[in-house]
Amino acid sequence: MDLPFAENYRIKMVEPIYRSTRKEREEWIKQADYNLFNLPSEHVFIDLLTDSGTGAMSDRQWGALMTGDESYAGSSSYFNLKKQVKEIFGFDHFLPVHQGRAAENVLFSVLVKKGDVVPGNSHFDTTKGHIEFRKAKAIDCSVDEAFDTNGNHPFKGNIDLEKLTQVLESYPHEQVPMIIVTLTCNSSGGQPVSLANLREVRQLADRYEIPVIFDSARFAENAWFIQNREPGYQDKTIREIVREMYELADGMTMSSKKDGIVNIGGILAMRHEDWFQQASVYNIMYEGFNTYGGMAGRDMNALAVGLDEVTSADYLENRIRQVHYLGNQLINMGIPVQNPLGGHAVFVDAKRFLTQVPKEQFIAQTLAIELYLEAGVRGVEVGTLLADRDPVTKENRYPKLEFLRLAIPRRTYTNNHMDVVAAGLKNIFDRRESITSGFQITQEAPIMRHFTVKLKPQ
């Protein structure tokens with residue numbers, strides 16, 4: 001018989017987690033004002049809130065921590081990371097930052113001004129937040145297939161070239177500072193972007209003389225999907241695919257807490273010397289000196305190793321197989337999810353799951369709370385709460401997709417934990433018709449409200 005798949009690593013240290021009762025969870029979520037971000041971690045059994053900074057580091061990474069150079073300027077750790085950025089992505093100009101939103105803050109401080117428009121593929125919350133904070137507008141140019149969770153388009157993260165052309169034709173050149181391509185596209189379900197689409201976006205950008213920026217949080221997972229789904233790339237290595245991808249970009253922002261496999265850190269890299277000089281001013285103001293940028297030397301060392309490990313096909317197969325293990329269980333149970341399955345999370349289609357809850361009562365958040373109460377599993381809403389209010393009308397924005405995102409930390413949980421998540425959702429699915437109401441907001445921030453919002457049952 002064929003040998004079954006097994007992870008090519010073994011567990012060296014364990015951390016206890018508390019199995020709570022439903023009665024405890026009912027009280028805890030009430031104390032948290034029905035916002036899962038407000039829960040202390042010890043009140044969570046399986047934490048799928050995010051894959052950002054929540055994974056387990058390798059022995060090589062822990063070893064690299066011990067040799068971190070904490071010099072304020074010119075540390076060896078900085079040069080270790082700079083070398084990896086050059087080798088993997090091909091960028092000469094690099095600034096370390098403490099996480100992805102910091103990279104956005106620094107770069108957008110240089111490029112984005114009031115009245116600008118920034119087209120892209122379903123900008124994620126911090127990206128859109130930084131754009132709108134500057135009184136600019138994010139315009140979603142995702143392919144229509146991204147919004148059909150039943151469809152099996154292999155690259156739902158792609159940008160629709162007709163939509164993008166319409167934006168570029170509708171606004172003056174100086175009002176479009178960049179095109180942002182998110183790899184993989186989180187908001188549409190962890191969906192990848194094909195290399196063919198990246199080339200077409202680059203060609204269109206060149207025609208209109210607009211820079212292209214890659215939001216690179218999950219760049220390696222995107223490369224894995226290209227290797228496995230796009231004709232002509234099966235025999236290329238992950239690193240070869242990554243270099244081909246980034247030859248098409250003018251710059252990149254990256255939360256290294258995802259595909260850097262570290263607990264903190266970020267990257268801002270670019271081709272243009274003038275961008276680098278301007279960004280350096282903001283980096284020093286907001287983050288720190290250019291050779292540490294808000295990161296400790298030990299963290300830069302760990303990130304340099306993480307970038308090496310994440311571009312391994314073996315690592316990526318382990319990573320994505322676990323995501324698909326959970327996703328396929330849910331599909332077999334009849335639970336609606338974004339198809340095909342993405343790379344870092346399973347996205348449950350809350351609109352098709354809870355058909356009785358009005359959209360004004362935050363469908364995906366309602367499902368997220370139900371899962372916590374049922375199984376002690378913390379997911380996150382990617383829907384109306386995250387979409388925020390329209391900055392002009394102040395009305396809620398109702399996105400086409402309402403997801404409960406189950407983001408799986410890297411090298412952290414076993415498949416037994418995934419079985420608990422699947423069983424919890426199946427129990428809710430079996431009684432879904434009885435769930436007819438959701439929640440209302442009692443307090444919210446003016447931007448990126450989902451992090452701190454307070455709710456009460458409707």
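**View 1. Thr-184 sits in the loop between β5 (179–182) and α7 (195–208).** Helices and strands here are DSSP runs numbered from the N terminus (H or I over at least four residues for helices, E over at least two for strands). The peptide bond leading from Leu-183 into Thr-184 is cis, with omega near -25°. A word on what you're looking at: this is a predicted model, where local features need pLDDT of at least 70 and side-chain atom pairs count only at pLDDT 80 or more, while totals for chains, interfaces and linings use all residues. Residues are numbered from 1 along each chain as its sequence is written, and side-chain values use heavy atoms, with hydrogens and water left out.

**View 2. Pro-340 is found in the loop between α12 and β9.** Here, too, look at the backbone: Asn-339 and Pro-340 are joined by a cis peptide bond, with omega about -10°.

**View 3. Lys-135 belongs to the loop between α5 (125–133) and β4 (137–140).** Its phi is near 60°, a positive value in a residue other than glycine.

View 4. On the domain 1 side 34 residues make contact with 40 residues of domain 2, contact being heavy atoms within 4.5 Å. About 3,000 Å² is buried between the two, and carbon and sulfur atoms give 55% of that. Buried area is the accessible area (1.4 Å probe) that two parts lose on being put together, summed over both.

**View 5. Arg-218 forms a salt bridge with Asp-51.** Their closest N and O atoms are 2.8 Å apart. The count between domain 1 and domain 2 is 6 salt bridges, each defined as a side-chain nitrogen of Lys or Arg within 4 Å of a carboxyl oxygen of Asp or Glu. The interface also has 25 residue pairs in polar contact, both residues at pLDDT 80 or more. A polar contact is a pair of N or O atoms within 3.5 Å; within protein, one must be able to donate a hydrogen and the other to accept it, and residues adjacent in sequence count only if both atoms are side-chain atoms.

**View 6. α12 (313–332), β9 (345–349), α15 (384–387) and β12 (403–407) each put at least two residues on the side of domain 1 that touches domain 2.** The biggest giver is α12, with 7 residues. By type, the residues on this side split into 17 nonpolar, 7 polar and 10 charged. Ala, Val, Leu, Ile, Met, Phe, Trp, Tyr, Cys and Pro count as nonpolar, Asp, Glu, Lys and Arg as charged, and the others, Gly among them, as polar.
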